[in-house]
Amino acid sequence: MIKQKWASIYKCTQLLWSVLLVLVIWNLPQHALADVNPQEINAIIRTQDIALQALNTRDFTKIQPYLHPNFTITTVDNQIFHKVPEFEKYWNQQFSSSIKDIKMQLKGDTLRTFLTPEIDVASGEAIASFFFKDGKAADMALRWTAVLQKLQDKWMIQSLHFSSNLLNNPVLNTAQQLGRILAVAAGVGGFLLGAVTILLLPRRTKQPTETENI
């Protein structure tokens, strides 16, 4: 009888702790979000807009005050940067080949999870529009994830990560088309060069031999 009583108490205790644990886990993100007022959300969006403007105008002096001292940015080609000058050099190199300009804009809603009132994990989608020097243009769909932390009354970007579908890459497609064009041009050029060379070479006339004269 006593054993059954203790067993019932043990089961009730387990059930109670399980319910409490579920409630804590369920309410943790909501509690963190409840502690973030609309002014903080607006400040986060302002940091986001400044970062987007820096990419589109290639002016990174504006975003530098909003970058975390230990910030990290991971690009779509899996390169990692921790310093603004290094990323700025990489970004400007994108315009040294066939790309004339890149414009990026956010798409859809931004999903936010506040781990604490001072740490925001945001994610969403974006469209990168590529404008090529030959007048063509193409769009590439991107996904991004950012971690922002509030330091010194300012929301700073701690990390930023971009990803894309490698099978639908307008830059890669343009490069492949250019490679095919160059290959065809090289083949046609080689054929024309060979034809011209044959036409210009002096033809040797066959001299009759003594045997043929006889």
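Helices (H or I, at least four residues) and strands (E, at least two) are taken as DSSP runs and numbered from the N terminus. On this basis the chain holds 5 helices and 6 strands. The model is predicted. Along the sequence, the elements follow the order α-α-β-β-α-β-β-β-β-α-α.

Some totals describe the chain as a whole. It has 214 residues, of which 26% count as buried. The accessible surface comes to about 15600 Å². Carbon and sulfur atoms contribute 62% of that surface. Among contacts with a separation of 6 or more, 54% link residues 24 or more positions apart.

In soluble globular proteins, nonpolar side chains tend to be buried together. In this model, the largest nonpolar core has 38 residues. Phe60, Ile63, Phe87, Trp91, Met104 and Phe162 touch the most other members. Two or more core residues come from each of α2 (38–57), β1 (67–74), α3 (84–93), β3 (99–116), β4 (119–132), β5 (137–151) and β6 (154–164). Helix α2 gives the largest share, 7 residues.

Ile63 is one of the core residues that touch the most other members. It lies in the loop between α2 and β1. Its relative accessible area is 5%, under the 20% limit, so Ile63 counts as buried. Leaving aside residues up to four places away in sequence, Ile63 touches Thr47, Ile50, Ala51, Ala54 and Ile157. Ile157 is 94 residues from Ile63 in sequence. The C-alpha to C-alpha distance between Ile63 and Ile157 is 9.3 Å.

Phe60 also lies in the loop between α2 and β1. With residues up to four places away in sequence again left out, Phe60 touches Ala54, Leu55, Val84, Phe87, Glu88 and Trp91.

Aromatic pairs number 7 in the structure. A pair of aromatic rings is described by the distance of the centres and the angle of the planes. Phe60 and Phe87 form an edge-to-face pair, with 5.5 Å centre to centre and 90° between the planes. This pair links distant parts of the chain, as Phe60 sits in a loop and Phe87 in helix α3, 27 residues apart. Phe60 and Phe87 are both buried. Phe87 also pairs with Tyr90. That pair is tilted, at 6.0 Å centre to centre and 35° between the planes. Phe87 and Tyr90 are 3 residues apart in helix α3, so about one helical turn separates them. Tyr90 is buried, as is Phe87. One aromatic cluster takes in Phe60, Phe81, Phe87, Tyr90, Trp91 and Phe95.

Charged side chains also meet aromatic rings. Arg58 lies over the face of Phe95, 3.7 Å from the ring centre. Phe95 belongs to the aromatic cluster. The charged end of Lys154 sits over the ring of Tyr66, at 5.1 Å from its centre.

Strand pairing is described here for β3 and β4. These strands pair in the antiparallel sense over 13 bridges. A hairpin joins β3 to β4 through 2 residues. Gln105 stands opposite Ile127 in β4.

Definitions and conventions
Residues numbered from 1 in each chain as written. Predicted model: local features only at pLDDT ≥ 70, side-chain atom pairs only at ≥ 80, totals over all residues. Heavy atoms only, no water. Buried < 20%, exposed > 50% of the residue type's maximum accessible area, 1.4 Å probe, protein only. Contact = heavy atoms within 4.5 Å. Areas by Shrake-Rupley, 256 points an atom, 1.4 Å probe, with all protein chains shown as cover. Core = buried A, V, L, I, M, F, W, Y, C linked by side-chain atoms within 4.5 Å. Pairing = 2+ DSSP bridges. Phe/Tyr/Trp six-rings, centres within 6.5 Å; stacked < 30°, edge-to-face > 60°. Lys NZ or Arg CZ within 6 Å of the ring centre and 35° of its normal.
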